Amino acid sequence: MIRQTWFVTGAASRLGSDIVRQALASGHQVVAADADLRALERVGGDSGRLLALALDEIDARAVGAAVKAALARFGGIDVLVHGATDCSPRSEFEPPAPPRDFSASVRSLFNVTRGVLEAMREQGAGRIVHLVPAPGRQRGPTLFSIAGFCEAVAMDVAPFGVEVSAVPAHQAMALLKSASGSDR
């Protein structure tokens, strides 16, 4: 197995922390990013392989700074997992986070993807997984935007060795377990 660097947004959410723990258990390095840095403390893990960062995904400059910190610490980003906050509660006793407005969700999607793409293009490889929450009346336009964006970007970056996909949250752990053991 080749050690990868995973960049997980919404890492303090229940799904996000599960993904972080799975990647660490598989021997990978992880950048755990969340708006609430204090909540990331409960994620835990090997501090040599874990970089916890406060991140406002809607702020493009903050995303750029987080990516630079990840590159400085680990030298690259192999897997981006984005959207865990929108797909799960913070703890088992809380409901899922309320959906963000359409503009905020889409800007977050664009900013985080754009933030890691240049590093992945330079590496000639990478995998971007955008988690998609369960459909609901208020989330329809956001879900279609995520799927369409992922499809368009996937075609654009495939020649650079970068894969992009939108994955329903309920399938995320199975997909990520299989990905955590792969070479890229």
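**Strand pairing and salt bridges in a predicted model**

Four bridges join strand β4 to strand β5, and the two run parallel. Two strands count as paired if DSSP finds at least two bridges between them. Helices (H or I, at least four residues) and strands (E, at least two) are DSSP runs, numbered from the N terminus. The structure is a predicted model, in which local features need pLDDT of at least 70 and side-chain atom pairs count only at pLDDT 80 or more, while totals for chains, interfaces and linings use all residues. Residues are numbered from 1 along each chain as its sequence is written, and side-chain values use heavy atoms, with hydrogens and water left out.

Strand β4 spans residues 79-82. His82 has His130 in β5 as its bridge partner. Strand β4 also pairs with strand β1 (residues 5-9), in the parallel sense, over three bridges. Here Phe7 is partnered by Leu80 of β4. In a regular strand, side chains alternate between the two faces of the sheet. In β4, Val79 and Val81 point one way, and Leu80 and His82 point the other way. All four are buried. Buried means under 20% relative accessible area, exposed means over 50%, and partly exposed lies in between (1.4 Å probe, protein chains only).

Side chains of opposite charge can pair when their charged atoms come close. A salt bridge is defined as a side-chain nitrogen of Lys or Arg within 4 Å of a carboxyl oxygen of Asp or Glu. A search of the whole structure finds three.

Strand β5 takes part in one of them. Arg127 forms a salt bridge with Glu163, with the closest N and O atoms 4.0 Å apart. The pair links distant parts of the chain: Arg127 lies in strand β5 (residues 126-132) and Glu163 in strand β6 (residues 162-168), 36 residues apart. Arg127 is buried, at 14% relative accessibility. Glu163 is partly exposed, at 45%.

Asp156 pairs with Arg121, the closest N and O atoms being 3.4 Å apart. Asp156 belongs to helix α5 (residues 140-157) and Arg121 to helix α4 (residues 102-123), so distant parts of the chain, 35 residues apart, are linked. Asp156 is partly exposed, with a relative accessible area of 47%. Arg121 is also partly exposed, at 29%.

Asp18 and Arg21 form it, with 3.8 Å between the closest N and O atoms. The two are three residues apart in helix α1 (residues 14-25), and are therefore separated by about one helical turn. Asp18 is partly exposed, with a relative accessible area of 36%. Arg21 counts as partly exposed at 38%.
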